[in-house]
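User: Hi! I'd like to learn how to read packing, pockets and backbone details from a set of coordinates. Could you walk me through an example?

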Amino acid sequence: MILASLLLAAAAPVTAVDAERAFAADAQKQGQWTAFRKWADPTAVMFNPQAVWAQEFLKGRKDPPRSVEWWPAQSWVSCDTRTAVNTGPWHIAANKTDGYFTTLWMRQASGVWRWTVDGGDTLKAPLPRPARPTVRKASCGNRALRLRQIERSYANRLNRTAPPGDSGYARSADGTLLYNWTVTADGARRTRVQLWTGRRFDTVLDQKVAAPPPA
């Protein structure tokens with residue numbers, strides 16, 4: 001039993017970029033929605049275009065014949081390395097569609113990574129696929145100032161009602177990475193990621209998704 005546990009721990013992805021790559025590889029091998037279910041946290045959120053609980057939305061969903069492909073291009077990581085946001089391009093070969101994704105990852109106490117919020121949008125032209133993603137880690141310094149700024153400006157809570165609601169907030173356990181999303185009634189969405197520099201929170205990502213056209 002101990003040996004099996006050690007082998008499992010050794011095989012687990014070390015970073016959120018490793019987890020993203022393993023997730024994408026599973027989508028190709030096991031099926032798109034099968035992989036999404038496998039890697040999602042029980043409280044994970046997706047957008048359709050309103051916020052939905054991922055596990056409920058994905059339950060029983062049949063895998064497409066060919067999965068979407070995606071690659072991490074940028075990653076922002078908390079000081080304690082247990083929370084990260086990845087973003088990068090995706091591509092659907094079947095209909096030659098391109099876009100980008102943004103995914104919030106959290107590492108569980110067991111060491112296993114799970115995605116907790118996933119979103120993105122289509123693009124008219126594909127994004128470049130870098131050989132290696134750019135990784136930026138939050139500062140670990142000035143904890144007292146960081147906690148004061150969090151309490152004053154970012155003391156929101158992720159709406160855990162059902163359905164998920166129109167806004168959400170998450171932060172790393174050490175408070176060095178902040179993640180906010182909002183969805184308007186027409187389905188327009190905004191995602192913001194902030195990283196602690198040691199003196200302030202720097203907005204490293206501010207993505208806006210337009211509302212879908214009326215049906």
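Analyst: Happy to. Let's begin with rings: those of Phe, Tyr and Trp count as a pair if their centres lie within 6.5 Å, and planes over 60 degrees apart make the pair edge-to-face. Please keep in mind that this is a predicted model.

User: How many aromatic pairs does a search of the whole structure find?

Analyst: The search turns up 10 aromatic pairs. One of them joins Phe23 and Trp70, edge-to-face, with 4.8 Å centre to centre and 70° between the planes. Phe23 belongs to helix α2 (residues 16-30) and Trp70 to strand β3 (residues 69-70), so this pair ties together parts that are 47 residues apart in sequence. Both Phe23 and Trp70 are buried.

User: Which pair links Phe23 in helix α2 to strand β6?

Analyst: That is the pair of Phe23 with Trp105, which is edge-to-face at 5.9 Å centre to centre, with 75° between the planes. It links distant parts of the chain, since helix α2 holds Phe23 while strand β6 (residues 97-107) holds Trp105, 82 residues apart.

User: What sits over the ring of Phe57?

Analyst: The charged end of Arg61 does, 4.0 Å from the centre of the Phe57 ring.

User: Now the nonpolar core. Which residues of the largest one touch the most other members?

Analyst: A nonpolar core is a set of buried nonpolar residues joined through side-chain atoms within 4.5 Å. Here the largest core has 23 residues, and Phe23, Phe36, Met46, Trp70, Trp105 and Trp115 touch the most other members. At least two residues of this core come from each of α2, α3 (32-39), β1 (40-47), α4 (54-58), β5 (83-92), β6 and β7 (113-123). Helix α2 gives the largest share, 5 residues. To see one member up close, take Phe36: leaving aside neighbours within four places in sequence, Phe36 is in contact with Phe23, Met46, Leu58, Trp70, Trp115 and Asp118. Another core lies apart from this one, with 18 residues, among them Val45, Trp76, Ala170 and Leu205.

User: How do I read the empty space?

Analyst: The general idea is that rolling a probe the size of a water molecule over the atoms shows where empty space is left. A pocket is an open set of points, whereas a cavity is a set where the probe fits but cannot get out. In this model the largest pocket holds about 820 Å³ of space. Its lining counts 31 residues, and the closest to its centre are Phe47, Trp90, Gly119, Gly120 and Asp121. Two or more lining residues come from each of α2, α3, β1, β5, β6 and β7, with β7 giving the most, 5 residues.

User: And how many cavities of 30 Å³ or more does the search find?

Analyst: It finds 1 cavity of 30 Å³ or more, and the largest cavity holds about 60 Å³ of space. Its lining is made up of Phe47, Tyr100, Thr102, Gly119, Gly120, Tyr179, Arg189, Thr191, Gln207 and Val209. The elements β6, β7, β11 and β12 (201-209) each give at least two residues to the lining of this cavity.

User: Is Thr191 buried or exposed?

Analyst: Residues under 20% relative accessible area count as buried, so Thr191, at 7% relative accessibility, is buried. Thr191 lies in strand β11 (residues 189-196). Not counting residues up to four places away in sequence, Thr191 touches Tyr179, Asn180, Trp181, Leu205, Asp206 and Gln207.

User: What about the backbone? Where is there a cis peptide bond?

Analyst: The bond from Asn48 to Pro49 is cis, with omega near -10°. Pro49 is placed in the loop between β1 and β2 (51-53).

User: Which residues other than glycine have a positive phi?

Analyst: Among them are Lys96, with phi of about 55°, and Asn142, with phi near 60°. Lys96 is in the loop between β5 and β6 and counts as exposed at 72% relative accessibility. Asn142 is in the loop between β8 (134-137) and α5 (143-153) and counts as partly exposed at 41%.

User: Finally, how many helices and strands does the protein have?

Analyst: There are 5 helices and 12 strands. Of the 215 residues, 44% count as buried.

Methods
Residues are numbered from 1 along each chain as its sequence is written. This is a predicted model: local features need pLDDT of at least 70, side-chain atom pairs count only at pLDDT 80 or more; totals for chains, interfaces and linings use all residues. Side-chain values use heavy atoms; hydrogens and water are left out. Rings of Phe, Tyr and Trp (its six-membered ring) pair if their centres lie within 6.5 Å; planes under 30 degrees apart count as stacked, over 60 as edge-to-face and the rest as tilted. Helices (H or I, at least four residues) and strands (E, at least two) are DSSP runs, numbered from the N terminus. Buried means under 20% relative accessible area, exposed over 50%, partly exposed in between (1.4 Å probe, protein chains only). A charge sits over a ring if NZ of Lys or CZ of Arg is within 6 Å of the ring centre and within 35 degrees of the ring normal. Contact means heavy atoms within 4.5 Å. On a 1 Å grid over the protein atoms alone, a cavity is a set of points where a 1.4 Å probe fits but cannot get out, and a pocket is an open set with protein on both sides within 12 Å along at least five of seven lines; lining residues have an atom within 4 Å of a point. Grid points are joined across faces, edges and corners, and a volume is the space filled by probe spheres set on the points.
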